[in-house]
Amino acid sequence: MEKVKFYPVKGYIDFQKGATADIERFWEKEATKLEWFKHWDKVLEWEEPFAKWFVGGELNASYLCIDRHLYSWHKNKVALYWEDEAGNTKAYSYFQLYREVNKFASMLENLGVKKGDRVVLYLPMIPELTIAMLATVRIGAIHTVVFSGFSSQALADRINDTSAEVLIAADVGLRRGKYVPLKQIVDVALKAAPAIKKVVVIKRTSEEINMVAGRDLLYHDLIRDAEDYVEPRPMESMHPLFILYTSGTTGKPKGVVHSTGGYLVYINSTYKWVFDISDESVYWCTADVGWVTGHTSIVYAPLLHGATVLMYEGAPDYPHPDRWWEIIEKYGVTIFYTSPTAIKMFMRYGDERIKRYNLSSLKILGSVGEVINPEVWEWYYKNIGGERCPIVDTWWQTETGGIMISPVPGIELVPLKPGSATLPLPGIDAEVVDEEGKPVDTSVKGHLVIRKPWPGMLMGLYNNPERYKEAYWSKFKGLFYTGDYAIKDEDGYFWLLGRTDEVLKVAGHRLGTAEVEGAVIGAPFVAEAAVIGKPDPIKGENIIVFVILKEGYEPADELKKEIVKEVRKQIGPIATPQEIHFVDKLPKTRSGKIMRRVLKTIMMDKPLGDLSTLEDEASVEEVKAVYEDFKQMMKKKA
Ligand code: ATP
Ligand code: MG
């Protein structure tokens, strides 16, 4: 078995620092790796808080992702494999993708869509979603993908915020063997979002659907009149490529706008560095295209590199818990990118069954979305990667467009530390600072900030420059505020500790939620944990822990004692939980992140706030019920 090769940290840090010292020179060189229709006049215009990259340059994302590959052997290689839960499959070569994208773009033009118009895509994980995105940007329109698991209200809010007039939807989505009636959800949403003039429906089934005359049109009819070729229009580097709403973990989602030139340059380089992606890669990212991870990892970055992308529609453990391993074996996936939430779910099923699958094609494993605890990291490394594949723990945000802190096996693989995202990428000036914005000492907790602009940086929040300034540039002068809490260790490695607004303030100490959750998961019977702070007049805050047990364990006071012991051992008495609650589900966003704010408001008997991105209402009901029982019990005791 081939062993992972590591390089000394110092060489990489020198290179990273060198690149970051002169960002304009560094990113200019990276920009030449793309094909531009017109060369830029200026690399960067930086007027805080607005950065303009490659000013005067012109390019087209659809051209770069597809047309460019038609002049080489890539023309007939698979660009996209698609498979659903039921095992239905489709494959598109780069040429076939090119055909479909052109027709789709022509259809949009026939509907009157022009440069700068917003097109809302409410589609499940089907190839038409990729096609629609590339078609939209081919003619300079701006896509807003709305995750197809969202309710009608969430869809209406996003349509209204972007004032789009065209919506592309499917009749149904597929999940756990059932149809999700997307068109019905659209009909309800449009009552509250009347600006939409045309709805194009991609009909996948023979299900009966309601069509509103004059508004709703069938894709299959429209495409018949479409041209085979639409010129990829040269777009200014700072022309918006897409608007995408954040996950809403911490509050009302923000409409993040990304540029064409800066975003593409950034993701082109960073996917090479982090995933060592090439035309030989079979790249599988399990996120939904409706999140930034999906935009970048399922659509733009792999296609820029002429790689083969895999797209899967369905739940991870349906119809059986080995669905994902089956797919890796079947397609010979080389790069696998998923979230700690998903890995934890598979840990609950145990590792025996995974051994039945041949996962030897894998070369690099990725993690994103939340802090990955060392236990989870080790499990992933051993059971999925066969102790052969480096794990790239990638820290980034919707706002950053691409990965910011991660190991970079595509350049040099530094020694990995389970639980640390390691070091910032070249050209990224990340730092941990105190409340005054001054860098903290080694191993002291603080705010993660970025000190210099980078090409993937958001252009702003759609139609809301004030919220943009307020959210990212008001806390510290001249520093991009990420809202995450971190430490830097003696090797300069970054350890993410959770969100700053979820930080636990206990007796004058500040503990990251991730620190305490990591300790709780250290107990061998814990599958998942969420921690919040509940205000206390004396201590500042009390630590409240919610726990999901592994299969085969029942809630018991003994287990609570074990958890307390584990936390005291790993962190100290200061972090002793005041209350521990056992639950079956935790409130999570649709992208799989724990919504601690929801737990907190329930514990404080406060209104729940924006729940549009909540995955499962039942989780909230369960926590409420558990908490009511707890209050009753405390009353009795008193
Ligand atoms: P909102 O901004 O609406 O509250 P969100 O922050 O969850 O939602 P995203 O942009 O999808 O929306 O998520 C980015 C956040 O996810 C980061 O700020 C960080 O808290 C977390 N995150 C992402 N990757 C990692 C990682 N590798 N390690 C730790 N945390 C991560
Ligand atoms: Mg955020």
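Reply:

**The ligand site and beyond**

In this predicted model, an N or O atom in the side chain of Asp-393 lies 2.8 Å from a nitrogen atom of ligand 1; a polar contact is a pair of N or O atoms within 3.5 Å, and within protein one must be able to donate a hydrogen and the other to accept it, with residues adjacent in sequence counting only if both atoms are side-chain atoms. Asp-484 places a polar side-chain atom 2.7 Å from an oxygen atom of ligand 1. For Lys-593, the distance from a side-chain N or O atom to an oxygen atom of ligand 1 is 2.5 Å. Of the 640 Å² of accessible area that ligand 1 has on its own, the protein covers 94% (Shrake-Rupley method, 1.4 Å probe; for residues, only the protein chains shown count as cover).

The residues around ligand 1 number 21, and Gly-248, Thr-249, Thr-250, Thr-398 and Lys-593 come nearest (near: a heavy atom within 4 Å). This shell divides into five nonpolar, nine polar and seven charged residues; Ala, Val, Leu, Ile, Met, Phe, Trp, Tyr, Cys and Pro count as nonpolar, Asp, Glu, Lys and Arg as charged, and the others, Gly among them, as polar.

The chain is divided into domain 1 (10–487) and domain 2 (502–637), with bounds from an automatic or database domain assignment. Their centres, taken over C-alpha atoms, are 31 Å apart. Domain 1 gives 25 residues to the contact and domain 2 gives 28 residues (contact: heavy atoms within 4.5 Å).

Helix α12 (residues 340–349) has seven of its 10 residues buried, where buried means under 20% relative accessible area, exposed over 50% and partly exposed in between, with a 1.4 Å probe and protein chains only. Helices (H or I, at least four residues) and strands (E, at least two) are DSSP runs, numbered from the N terminus. Among the buried residues of α12 are Ile-343, Lys-344, Phe-346 and Met-347. Their cover includes α11, β18 (335–338), α15 (513–521) and β28 (526–536). Gly-350 follows α12 with a positive phi, near 85 degrees.

Residues are numbered from 1 along each chain as its sequence is written, while chains are lettered from A and ligands numbered from 1 in the order in which they are written. Local features need pLDDT of at least 70, side-chain atom pairs count only at pLDDT 80 or more, and totals for chains, interfaces and linings use all residues, while side-chain values use heavy atoms, leaving out hydrogens and water.
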